[in-house]
Amino acid sequence: MALFLCVLFLLLSSASACDRCLHQSKAAYFSKASALSAGACGYGSLALGLSSGHLAAGISSLYKDGAGCGACFQIRCKNSTLCSSEGTRITLTDLNHNNETDIVLSSRAFMAMANKGMGRDILKLGIVDVEYKRIPCEYKNQNLAVRVEESSQKPNYLAIKLMYQGGQTEVVAIDVAKVGSANWNFMSRNHGAVWDTSRVPNGALQFRFVVTSGFDGKWIWAKSVLPAEWKTGVIYDSGVQITDIAKEGCSPCDDSHWR
């Protein structure tokens, strides 16, 4: 137990970078959103349904070894002639390897930063100065969902992908057990938003998630998620949603001029 708590503390510490403050950087764009949907988070074509296709690849400090997948940000460009003061909302779906920018956007998100009728003009620039900050994700009338990946092979291997994660947190650990059992098996992050285990309980499955909440972690228990006859490629409703906002152990930031 002591070892588990130590490891959990390290996970929580590494996931709590100060990303809610306003950041100044540059942003570029991909001409095709499919480039982002095929990204490191593993969302595939499902990514196109997030934030109306307003997707982003973020640098490693935002991607957080996959813990940042699905995080939401508000971003706006600083060219007051071309760009609106509100900017647009984006969802992180990929890792950005370009060290010239913090973020690479889908073309739809890039154009959405512009004033009305000026989307094509901002595209011509290719790269713009931006400021961005993390914000809570909101999925109205939508719970956290679990998709069973095609690589899963009953009864020896289960891989799941988390979808529609609300709040402003990171999932840093997942356990799985048979419904009604207290015999929990841990899952490992395979990549991005995908978690897996080779210790698959028989029967219907429940999950518990550890998310960053407050300055510590919080267990969220989804008591009945996968039926006994779960199938690959199917998205299952967890019956719960995450609304927590993690507190960061860093100096307060001033983003008053965003308003």
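**Exercise 1.** Are Cys77 and Cys83 buried or exposed, and what is the handedness of their disulfide?

*Solution.* Step 1: Cys77 and Cys83 are both buried (under 20% relative accessible area with a 1.4 Å probe, protein chains only; exposed is over 50%, partly exposed in between). Step 2: a disulfide, defined as a pair of cysteine sulfur atoms within 2.5 Å, joins Cys77 to Cys83 with an S to S distance of 1.4 Å. Step 3: the torsion about their S-S bond is about 105°, so this disulfide is right-handed.

The model is predicted: local features need pLDDT of at least 70, side-chain atom pairs count only at pLDDT 80 or more, and totals for chains, interfaces and linings use all residues. Residues are numbered from 1 along each chain as its sequence is written, and side-chain values use heavy atoms, with hydrogens and water left out.

**Exercise 2.** Characterise the disulfide of Cys41 and Cys69.

*Solution.* Step 1: the sulfur atoms of Cys41 and Cys69 are 2.1 Å apart. Step 2: the S-S torsion of this pair is about -90°, so the link is left-handed. Step 3: Cys41 has 0% relative accessibility and therefore counts as buried; Cys69, at 7%, also counts as buried.

**Exercise 3.** Which residues joined by a disulfide have 115° about the S-S bond?

*Solution.* Step 1: the residues are Cys72 and Cys137, and their link is right-handed. Step 2: the S to S distance between Cys72 and Cys137 is 2.1 Å. Step 3: both Cys72 and Cys137 are buried.

**Exercise 4.** How many disulfides does the structure hold?

*Solution.* The structure holds three disulfides.
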